[in-house]
Amino acid sequence: MPGDTALARALALVRDLRARCPWDRVQTRDTLRPYLVEEALELDQALKQDDAARLRDELGDLLLHVAFQIVIGEERGEFDAETVTRALEEKMRRRHPHLFELGDKPLSWELGKRETGKAKRGVLDGLPAALPPLLMAYRLQERAAGVGFDWPDATGPMEKVKEETVELEAEMRDAGSGMREALQDEIGDLLFAVVNLARKLAIDPRAALEGANAKFTRRFEAVERLAEHRGVDLGRAGLADLDRLWDEVKAAEGGSRRHGRQGTS
């Protein structure tokens with residue numbers, strides 16, 4: 001690899017750090033894993049905020065981790081930047097046969113993965129077990145949809161959400177000994193259905209929930225300020241009083257007048 005490329009400079013930096021810095025020298029794949037996860041999440045936040053300066057810095061931090069893992073691979077005689085890049089190029093050619101004169105039609109991403117490389121793996125194989133549950137649900141559904149197991153539009157998922165809500169209500173009326181486990185199961189089904197509905201509406205469920213969390217936080221903090229201004233002790237105030245404060249905050253924002261305790265609407 002030419003020494004003046006960006007990746008080559010990053011690799012040279014890591015090699016130098018490994019040679020001269022005691023902390024960098026002792027790092028292993030396992031010790032770097034928590035930092036890699038942290039950097040990936042910070043990059044995700046920068047993407048959400050669309051902050052170009054922060055995005056540049058977070059991409060640099062992630063590049064450092066990529067370079068670290070490549071250098072460790074070099075040291076162990078397993079692979080180097082050239083073999084990593086070549087494997088990537090070959091994989092992308094296989095998955096885009098119509099672009100590289102290897103076939104006459106594009107495949108869906110999931111079908112392409114099954115028909116090339118690790119073709120014998122199941123459709124759902126390979127997802128990291130540590131994925132946050134909300135993202136895991138989205139990716140499971142996305143993979144299944146990639147091989148045709150999907151509703152044609154959002155009508156099906158919307159009906160499924162209604163169906164799961166009815167089933168949850170039925171379990172809530174059941175006072176049997178296994179109620180907690182049954183409720184957990186039904187709530188899981190409902191959440192899974194809501195994620196599927198979001199996917200079919202081209203809505204990122206993580207972004208939607210982040211927005212709802214931010215809205216609830218903003219409004220509840222406003223309720224706290226309003227209560228303090230009026231001398232109301234939140235811990236002693238009744239539910240009706242708290243609802244009135246909540247509705248005042250929503251009205252000030254221009255929101256609807258429906259009750260929203262433990263909710264945002």
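Helices H7 and H9 are oblique to each other, a label for angles that are not under 35 degrees (roughly parallel), over 145 (roughly antiparallel) or 65 to 115 (roughly perpendicular). H7 covers residues 133–146 and H9 residues 179–200, and their axes come within 9 Å and cross at roughly 60°. Axes here are lines fitted to C-alpha atoms over the stretch in contact, with angles from 0 to 180 degrees between N-to-C directions; helices are DSSP runs (H or I, at least four residues), numbered from the N terminus. The crossing of H7 and H9 is right-handed, with the near helix turned clockwise from the far one by less than a right angle.

H7 brings Leu 134, Ala 137, Tyr 138, Gln 141, Glu 142 and Ala 145 to the contact (heavy atoms within 4.5 Å), while H9 brings Phe 192, Val 195, Asn 196 and Arg 199. By class that gives 6 nonpolar, 2 polar and 2 charged residues; Ala, Val, Leu, Ile, Met, Phe, Trp, Tyr, Cys and Pro count as nonpolar, Asp, Glu, Lys and Arg as charged, and the others, Gly among them, as polar.

A word on the model: it is predicted, with local features needing pLDDT of at least 70 and side-chain atom pairs 80 or more, while totals for chains, interfaces and linings use all residues. Numbering starts from 1 along each chain as its sequence is written, and side-chain values use heavy atoms, leaving out hydrogens and water.

Now for H1 (residues 6–20) and H4 (residues 52–75): their axes come within 9 Å and cross at roughly 65°, so H1 is roughly perpendicular to H4. H1 also passes H4 in a right-handed crossing. Among the residues in contact are Leu 7 and Arg 18 of H1 and Phe 68 and Glu 75 of H4. By class, this contact has 11 nonpolar, no polar and 4 charged residues.

How values were computed. Helix = DSSP H or I, 4+ residues; strand = E, 2+ residues; numbered from the N terminus.
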